[in-house]
Every structure is written in C-alpha cells, then in structure tokens.
Amino acid sequence: MPAIKSILHGSETFPPDAAFVEQSNLAGLASYHALCAEAERDYENFWGNLAKEQILWHKPFTRVLDESNHPFFKWFDDGQLNISYNCLDRHLVTQPDKVAIIFEADDGKVTRSTYRDLHRRVCQFANGLKSLDVGKGDRVIIYMPMSIEAIVAMQACARIGAIHSVVFGGFSAKSLHERIVDAGAVAVISADEQVRGGKSISLKSAVDEALSMGGVDSVRSVVIYQRSGKDSKCHTTRDVWWHDLIADKDDTYEPEWVNAEHPLFTLYTSGSTGKPKGVQHSSAGYLLGTLLSMKWIFDYKPADIFWCTADVGWVTGHSYVAYGPLAMGATQIIFEGVPTYPDSGRFWKIIQDHKVTTFYTAPTAIRSLIKSGPDLPGQFDLSSLRLLGSVGEPINPEAWMWYYTVVGQSRCPIVDTWWQTETGSHMLAPMPGAVPLKPGSCTFPLPGIMATIVDETGHEVENGKGGFLVIKRPFPSLARTLWGDPERFRKTYFPQDLGGKYYLAGDSASRDLDGYFWIMGRIDDVLNVSGHRLGTMEIESALVSNPLVAEAAVVGKPHDIKGEAIIAFVVLKGIRPHGEDAHNISVSLREWVTKEIGPIARPDEIRFGDNLPKTRSGKIMRRLLRAIARGEKITQDISTLENPAILEQLQQPIN
Ligand code: WT7
C-alpha cells in the first residue's frame, strides 16, 4: 500500500447564515452532535427508529441488524415493503397533483408529470413487463437517455421486484454486452435514439450490436421507447415498442411486497481489475440512506424544486433522481441535454426558468462552466437557489469560491458530498444548517456513519495525519455484495490487512486539527475522469485487445477541467512508430478504446515505447509512468529498474 502524505489545509470557515439556519431541518452544531451521540449510544435503535419513521412498511421488521455472516450484513430483514410504493403510492393521498418531474428536453421543450400521472405510467409499464413474463428477481438492463421513461422503467422494475441494472448511454455496445451477460438479463429496455447537444445518437443499434455478440440467450425481450422515431427499422420478434407494450395495459398494479434485503438494483462500476463489478444494493437499507440524506444534507422542504444533474446511468442518478426525491415527494428537474447547448448559459437558464432551489452537480461541470462563461450566471435570475451541492471528486477551493459567490451569491451553503456507488448514499457531507463549511472539505460523517482514517495496519491515525478512509460499522445503505462474486466483495472492501472488520472505501484522506475530513484521492488503480470512475486495467485490456498492441499501461495526470486525464503508454507488436505514423496509430487506438468502452475512456494522450519501465521481476513501475505523464523530473529510486534507457524515450509526447 502506498505511503500517504498528509497535506496542509486552509482554515477559513463559512458558517451558515442566520436565515438559512432558521429554516433548516437541523439547526446548529449541537443538534448534529446530539444525533451522532444517539447513534454511538444505541446504534441499532438509532437506525431502527429511523427506518420505522421514514419508510412505509407492508410488514414491520422485528430485527434491525444481522451481522452473523460478516461482511454480508442484513438490515430490517424480516420486514416487507415495496420501493415504488414508497416513492409513488404514498403521495397519492396527500399530493396527487403535485408535479413530480419537470422534464426539459434537449431542444427546450418542457413536459410535466404529476405523482398521479407517474404512478399511472409506472403501473402500466409494470403490467407491460409482466406480460413479457418479467418477474421478481429477474434482471433487467436499462440503457436509456435521461427521460421520464427511464424513471418509469426503474420504478416499474422496483414495483414488480425485478432487479434493474442501468447502463450509462455513453457506454459502447461491447460494455453493454458485458453487463447483459454478467447480469444474465431477461430483458433490455432502451430507446431508438438519445438526443444531446442538438445531435441524435442511436441507442438501438448499440443494443442490436450487443445482442449479436453471443452469450445472450437469457434475453427474451427488448423494449424500445421511441424518443425520436427516426431509427425505427430492423425489429425482430424479440423487440417491442414501448408504446405498443403499454397500449392496452391497466393503470394499476398491486406492488410486489419484497423483503427488506431483496436486491433493488445492481450497478456496474470500475475497480482495480479489468472486469467491472456489479454492485448490488438492498431495498430498505438503500431507501433509508437516500431519504435521510435528502432530509439532512439537502435540507429538503416540500416547496423545493430539486435538481440533481447526474445521469441515471450513475449511482447519483439512482439515489438523487430515481429514488430519493420521489420518496420525499419532491418536484425535480430532469434534463435531457448538456450544459453547453445551445450555449454555456443552459444550466443557469434552467435554474431561472423553473425556479430551482437545490442544485447538485459535479466539480468538473463547474470548472468547465467557469471556463466558458465566468460571468454568465450574473445574466440570469438565480435568486430561487438556496442550497448548492457537489459530488464525484474533490472540489478545488477556486471552483468552490466561484460556485459559492457567483452561483450562490454568497447566500447558499455548498454541500460537498463524499460517497460511492458502494455506499448508496452520502457518507461524509455537511448538514448545511449545522456545520460551518471549509472549501474543499466534505466536513463530517453523517450521524450513524462511523468513518475514520487508519494506517496500513488498520490503526486509527491522529488528526493531521493521512491514511485510508474506512467505515467501522455496517450501515443500512451499504452495498450487500458484488453480483455473482461475493469473494471479491469481501476481499475488496473488507481486506485482511486491515483486520477484515472495517469497510475500506478505496480513498485516502486526512482529518485536520478541527476534525474535518479531506479526501486526497484513490488508493487503487482507479482514475476519476470528469467525476466518472474508470479502472486503468479496463482501459489497458481494451488497448491490448487491439491486434497492433503488445503491451499497455495507463495512468492519470491532473487536468484543469476533467480532474484527471488518461495517458496510455503503449508498446506495439512491430517497431516503435514515429512522426505521422505514430500520430495515425494514436488516433486509431483512441478510437478503438471509444468503441471498446465508450468515449469517457478515450485516452487523452498515447506515447509509444520499445518497452515499459519494469523491475527485474517484470512489474511495471507505474509511479515512474505517472511522473513521466505529469512531466515531472524523475526523483524516485530507479535502481531496481531493468531498462532505465526507456524513460527518456517515453518522455517524448507525440500528439
Ligand atoms: C469515488 C466514488 C458518489 C457518486 C459519484 C461517484 C470520489 C466522490 C467525492 C467528493 C472527493 C469524491 C471518491 C470515491 N468522490 N465524491 N465529494 N470528494 N472525492 O461515485 O463512481 O462510485 O466514485 O468518487 O474517490 O471513492 P463512484
């Protein structure tokens, strides 16, 4: 495990202003500490009471936490519920006509769906899935653009007890295929096209390609939502149009009552091997995490207009688009397009037009908007905003200050939320009416989240020192396992080196002298590119699957907007290319990775060598490659390096 240096941090704090504190769900530091103390005092009852209070149970639970099969924990496991019932039916009595979703299409067209309407659509689609013989426990792949229909598809799966696995629309046919096969999906739900930034991209053709790759006999049905109507050809008997499927279907559907531990979804994410892992979440524990964070961190109020900009292909789009806001009965924005179309004022215009109160986005989006229009927010009326959020990567203090002063007009707290696909909901984040902010710090754990920092041997380090971020006790929204690979779950997240007891997050972090947490970066071979998690091994295996490539090593390098850029060092099977040749091969390899994984994984730069720097035992010395990629002078010890001459060669950029 790498040695970790602690870094010095500024100590300027931003306490919440009095007006915000006064209206907040949780006011003052003392009330935050009181909740934490309650969790410390009686951990099980703390969670048990919240689960009773927040969730509508079909059958109440009698057991809170079962740790007997560590680390495969169970929460509230003899209780029964339905997630879609908790997100929709519960609001039918109290607020059927409240708008649940304001959908803004790429071209600006706005559609609204009330809770009554959304419930009707979900029931109809659930009946449609049932008519295709999709039932409880079946896996359904959802590969859709941002749309009301994507939410309907997810909620309908939850209603019938099917396990959805959403695949981000930017992933290639090959990545889609890999996930369909791993999940053993019985159905794929997709669309003809997705429309972003004025351009249409076919999704259906990627589905067709994925299903032509073999090993997909489990797939019985493909449901296609007609987004544009342009790509309407080549339907086999397996395919059915969304509108045909629901045409004659009833608009009520008795929810399938499932046990608290029934899997709600799996979501594939990158790790340190070439194979993505299917992170599996529970029903009740997951829902509880999203509900509590909506209330505690987003300080949710019924009058809010909530906007999380994440795509449903990522966990943020699950917890804070498809589930959390609906379970709270919120009105939320769903936006189909991109922040820069038709111009870089789009986000600010949406906030103005729909009077958004709560805006949650990624630092990479903030940085790119600063670059393309630092003064643009000033041209819009952003006075509806009361809270801002950040997620996906550390937010640099410069971007934080701009977000705070220019977007939030120094009035809105920023909740910097640290969490992961595996944790299901926020873990470290400020309760905005309670915790004074420090730009760049995600502040403190949520009540009941026993986060700390340990050294290589699993011992807690004192404040001011860096180490590995861990969570000491199981918590309800933690992933239950990795789909089909429980051993990998145990080894990755509860490693023996640390005693096997703590959840190892995979990030390094430090706490300052005031106890604030600062995330320093990943400890594994995972890159964070524009807030997206990418395994270096995945990109390397995509590269070596190209017939020209003998060997490849991928590292990250800091990037102004994306956070990290992808640099690939490649050894070809033939001789090392030069000049125009090198340029052309580099272009085609970057294209190759786009086809293999998706545009998010395309290397920013490729460098060719006759070899890679290796130790005498044949291990690639990645830290040297990282230094080379960053253009740093090599100060590391290279005495164990088998082929020192290679370093100079790899220092030559070609594109
Ligand atoms: C990794 C998890 C959580 C939803 C989006 C990403 C990094 C996430 C923060 C933050 C610093 C952050 C971590 C983490 N990360 N949020 N606020 N500050 N780093 O989910 O794809 O599972 O990635 O994203 O490195 O481990 P994910």
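Which side chain has an N or O atom 2.9 Å from an oxygen atom of the ligand? That side chain belongs to Gln 420. Before going on: this is a predicted model, where local features need pLDDT of at least 70 and side-chain atom pairs count only at pLDDT 80 or more, while totals for chains, interfaces and linings use all residues. Residues are numbered from 1 along each chain as its sequence is written, and side-chain values use heavy atoms, leaving out hydrogens and water.

Back to polar contacts, meaning pairs of N or O atoms within 3.5 Å. Thr 421 places a polar side-chain atom 2.5 Å from a ligand oxygen, and for Arg 533 the distance from a side-chain N or O atom to a ligand oxygen is 2.7 Å. On its own the ligand exposes 560 Å², and the protein buries 94% of that; these are Shrake-Rupley areas with a 1.4 Å probe.

Helix H11 (315-328), strand S20 (414-417) and strand S25 (517-522) each give at least two residues to the shell around the ligand. Helices, of at least four residues, and strands, of at least two, are DSSP runs numbered from the N terminus.

Strand S20 also belongs to an open sheet of seven strands with mixed pairing, ordered S5-S4-S17-S16-S18-S19-S20. Pairing requires at least two DSSP bridges between two strands. S5 (110-114) and S20 are the edge strands, each with a single partner, so one side of each has no neighbour in the sheet.

Inside the sheet, S16 (305-308) and S18 (358-361) run parallel over three bridges. Phe 306 has Thr 358 in S18 as its bridge partner.

How values were computed: A polar contact is a pair of N or O atoms within 3.5 Å; within protein, one must be able to donate a hydrogen and the other to accept it, and residues adjacent in sequence count only if both atoms are side-chain atoms.
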